[in-house]
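Colleague: Could you take me through one part of this model in detail, namely the nonpolar core and the charged pairs that go with the strands? I'd like the cut-offs spelled out as you go.

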Amino acid sequence: MMPVTAFDAVFAGLGIGDIPDLSSLMPEGIPLAAAGLPFPGYTADIRLGGIGRPFDLGFKIGFIPEHLRSKLNFVLPPGWKVDYLLVGVDLRYAVIEQIRKLKPNLSVGIGYNYLRGGFGMPVPLGDDTGTQTFTATDKDNPLATKDYEITMEDPMLTFNWQSHVIDLKAQLSKRILFIMTPYVGIGASYARSTVGGGLETSLQMDGEALQQDTINDIKDGLAAVGKDADLSANGIFVKSVVNGWAFRGFGGLSVNIFFLKIDASIMYNLVSKTLGLN
């Protein structure tokens with residue numbers, strides 16, 4: 001669940017205010033700040049142990065299947081859409097194996113995760129037809145000005161993000177009572193993330209699709225002020241690339257019964273000072 005308050009600054013800057021129609025869905029007495037955008041989905045995590053070697057290889061994937069997307073219509077305003085995908089792989093190696101039940105296991109691991117997500121909402125045009133007029137230099141006569149008409153068809157405000165994450169971790173664990181394994185560890189992650197959004201719509205100028213020379217002129221103008229925009233006749237999107245480290249501490253308990261593993265864990269992010277449960 002992604003909290004609505006995470007987008008307050010964005011909506012305020014766009015002059016939208018609260019997320020359209022969402023406040024009316026909240027039960028009486030529950031504030032909008034308690035709401036969030038749900039990202040339900042299936043996640044599969046598979047581990048393969050090394051034969052005769054103290055290591056294992058893990059794979060995971062998470063996504064929103066089509067039948068869950070249709071059910072989101074009951075909790076999201078009409079016309080909204082969401083996207084979520086997680087793919088990851090990791091290698092874990094036991095540096096010290098438990099010996100005679102006196103010493104704990106010490107393992108180290110490295111992994112890679114790809115995460116993609118996003119959502120979109122229709123932009124209500126009200127009585128407006130989605131047409132805006134502005135005055136600029138006449139491209140056919142640079143000494144004169146001309147009124148241009150930009151038309152938007154079924155505009156949708158979209159937010160998207162994707163991250164490539166390299167994860168490093170070290171973990172201490174000790175099996176007790178044959179089936180229970182408590183563990184603690186530390187981890188560090190380096191992420192390269194792209195975050196952006198914009199207006200997904202069919203853009204026309206003076207009744208015709210935007211031409212490539214016009215698109216290039218707009219891109220050059222945005223680049224001059226340090227903005228990277230993906231502009232086409234299908235809309236305009238702005239993105240930003242963010243790189244950085246995150247550090248965390250974690251602990252938990254695993255219960256192993258034959259091929260069934262039940263795991264409960266807690267994690268604290270040292271950079272954002274946030275607490276997570278799993």
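Modeller: The largest nonpolar core has 11 residues: Ile64, Leu68, Trp80, Val82, Tyr84, Leu86, Phe119, Met121, Leu157, Phe159 and Trp161. By nonpolar core I mean a set of buried Ala, Val, Leu, Ile, Met, Phe, Trp, Tyr and Cys residues joined through side-chain atoms within 4.5 Å. Buried stands for under 20% relative accessible area, exposed for over 50%, and partly exposed for what falls in between (1.4 Å probe, protein chains only). At least two residues of this core come from each of strand E5 (81-96), strand E6 (105-122) and strand E8 (141-173). Apart from it there is another core, of 7 residues, including Met152, Leu199, Leu203 and Ile215. The strand labels are DSSP runs (E, at least two residues), numbered from the N terminus.

A word on the basis: this is a predicted model, so local features need pLDDT of at least 70 and side-chain atom pairs count only at pLDDT 80 or more, while totals for chains, interfaces and linings use all residues. Residues are numbered from 1 along each chain as its sequence is written, and side-chain values use heavy atoms, with hydrogens and water left out.

Now the charges. Side chains of opposite charge can pair when their charged atoms come close. I call it a salt bridge when a side-chain nitrogen of Lys or Arg is within 4 Å of a carboxyl oxygen of Asp or Glu, and that rule gives 4 salt bridges.

Take Glu200 and Lys81, whose closest N and O atoms are 3.4 Å apart. This pair links distant parts of the chain, with Glu200 in strand E9 (residues 180-205) and Lys81 in strand E5, 119 residues apart. Glu200 is partly exposed at 32% relative accessibility, and Lys81 is partly exposed at 38%.

Since Arg116 sits in strand E6 and Asp83 in strand E5, the pair ties together parts 33 residues apart in sequence. Arg116 counts as partly exposed because its relative accessible area is 32%; for Asp83, also partly exposed, the value is 21%.

Then there's Asp167 with Arg248, where the closest N and O atoms are 2.9 Å apart. Asp167 lies in strand E8 and Arg248 in strand E12 (residues 235-257), so this pair ties together parts 81 residues apart in sequence. Asp167 is buried, at 12% relative accessible area, and Arg248 counts as buried because its relative accessibility is 15%.

How values were computed: Helix = DSSP H or I, 4+ residues; strand = E, 2+ residues; numbered from the N terminus.
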